[in-house]
Amino acid sequence: MDIKSMLMTTSSIVNGYCIASAPIDATFTSNSSEPTGTAWSIDGSKLFYVSTWNPGDRVAEVNCPKPYTIESASHTGNYYATLSQGSYPQSISFNATHTKMFISFTDTKIIAQYSLATPDVISTGVTYDGSFSTASQGNGEHHGLVFSPDGTKMMTTSTGGHDLFEYTLATPF
């Protein structure tokens with residue numbers, strides 16, 4: 001498959017959390033040639049994805065008229081550029097209230113934290129709060145990023161060392 005026609009795909013899960021026989025329900029073509037990580041809004045009406053290539057290094061917002069599906073989805077035209085923190089964003093995650101956004105970067109080897117003035121809104125009111133360095137863990141290039149529901153644990157994955165890392169956060173999220 002040509003990288004420029006990379007597609008994001010969603011599937012129906014017949015029995016909750018069982019992916020053994022999940023058919024493809026819908027396909028959505030991103031505005032980027034290389035989307036790398038996705039996260040839903042609180043109510044599923046938006047899908048956010050980070051992209052690393054043409055025109056990459058940003059968070060893009062997709063409108064989902066049917067919650068938690070990309071069927072009939074469309075780009076909103078809302079983006080948040082992440083280039084000042086690094087290139088090659090890999091993962092995106094939010095805190096429970098979606099007032100904090102976290103993005104892992106492989107070139108600068110950081111996890112960046114942003115505050116959102118309004119939950120799930122990236123077009124205005126986004127503030128860069130700082131970052132956490134992953135340079136000394138594995139090869140430093142952390143791709144996966146997820147938090148426990150209460151925000152006291154953070155898990156990341158590193159490709160170079162084939163490692164999973166668990167962190168206990170002094171302050172949730």
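**Exercise 1.** Determine whether Ile111 is buried or exposed, and place Ile111 in the chain.

Solution. Step 1: Ile111 has a relative accessibility of 4%. Step 2: the cut-offs are under 20% relative accessible area for buried, over 50% for exposed, and partly exposed in between, with a 1.4 Å probe and protein chains only. Ile111 therefore counts as buried. Step 3: Ile111 lies in strand β9. Strands are DSSP runs of E with at least two residues, helices are runs of H or I with at least four residues, and both are numbered from the N terminus. Step 4: Ile111 and Gly86 are 25 residues apart in sequence, and their C-alpha atoms are 9.9 Å apart in space.

This is a predicted model, in which local features need pLDDT of at least 70, side-chain atom pairs count only at pLDDT 80 or more, and totals for chains, interfaces and linings use all residues. Residues are numbered from 1 along each chain as its sequence is written, and side-chain values use heavy atoms, with hydrogens and water left out.

**Exercise 2.** State how many helices and strands the protein chain has, and what share of its residues count as buried.

Solution. Step 1: the protein chain has 0 helices and 13 strands. Step 2: read from the N terminus, its elements run β-β-β-β-β-β-β-β-β-β-β-β-β. Step 3: the chain has 173 residues, and 42% of them count as buried.

**Exercise 3.** Describe the second largest pocket: its volume, its lining and the kinds of residue in that lining.

Solution. Step 1: settle the term. On a 1 Å grid over the protein atoms alone, a pocket is an open set of points with protein on both sides within 12 Å along at least five of seven lines, whereas a cavity is a set where a 1.4 Å probe fits but cannot get out; lining residues have an atom within 4 Å of a point. Step 2: the volume is about 180 Å³, where grid points are joined across faces, edges and corners and the volume is the space filled by probe spheres set on the points. Step 3: the lining includes Ile111, Gln113, Ser131, Met154 and Phe173. Step 4: β9 (110–116) and β10 (126–133) each supply at least two residues of this lining. Step 5: the lining divides into 9 nonpolar, 3 polar and no charged residues. In this count Ala, Val, Leu, Ile, Met, Phe, Trp, Tyr, Cys and Pro are nonpolar, Asp, Glu, Lys and Arg are charged, and the others, Gly among them, are polar.

**Exercise 4.** Find the residues with a positive phi that are not glycine, taking Tyr68 and Phe173 as the cases.

Solution. Step 1: Tyr68 has phi near 60°. Tyr68 sits in the loop between β5 and β6 (74–81) and, at 43% relative accessibility, is partly exposed. Step 2: Phe173 has phi near 50° and belongs to the segment after β13.

**Exercise 5.** Give the number of salt bridges in the structure, and work through the pairs Lys46 with Glu61 and Glu166 with Lys153.

Solution. Step 1: side chains of opposite charge can pair when their charged atoms come close. A salt bridge here is a side-chain nitrogen of Lys or Arg within 4 Å of a carboxyl oxygen of Asp or Glu. Step 2: the structure holds 5 salt bridges. Step 3: Lys46 and Glu61 meet at 3.7 Å, N to O. This pair links distant parts of the chain, with Lys46 in strand β4 and Glu61 in strand β5, 15 residues apart. Lys46 is buried at 19% relative accessible area, and Glu61 is buried at 4%. Step 4: Glu166 and Lys153 meet at 2.9 Å, N to O. Here too distant parts of the chain are linked: Glu166 is in strand β13 and Lys153 in strand β12 (residues 153–158), 13 residues apart. Glu166 is exposed at 51%, while Lys153 is partly exposed at 30%.

**Exercise 6.** Name the residues that form a nonpolar patch with Leu164 on the surface.

Solution. Step 1: Leu164 lies in strand β13 (residues 163–168) and is exposed, with a relative accessible area of 63%. Step 2: patches are made of residues with over 30% relative accessible area and no salt bridge; like charges are joined within 9 Å, and nonpolar side chains (Val, Leu, Ile, Met, Phe, Trp, Tyr) within 5 Å. Step 3: Val146 and Met155 form the patch with Leu164, and together the three have about 280 Å² of accessible area. Such areas come from the Shrake-Rupley method with a 1.4 Å probe, and for residues only the protein chains shown count as cover.
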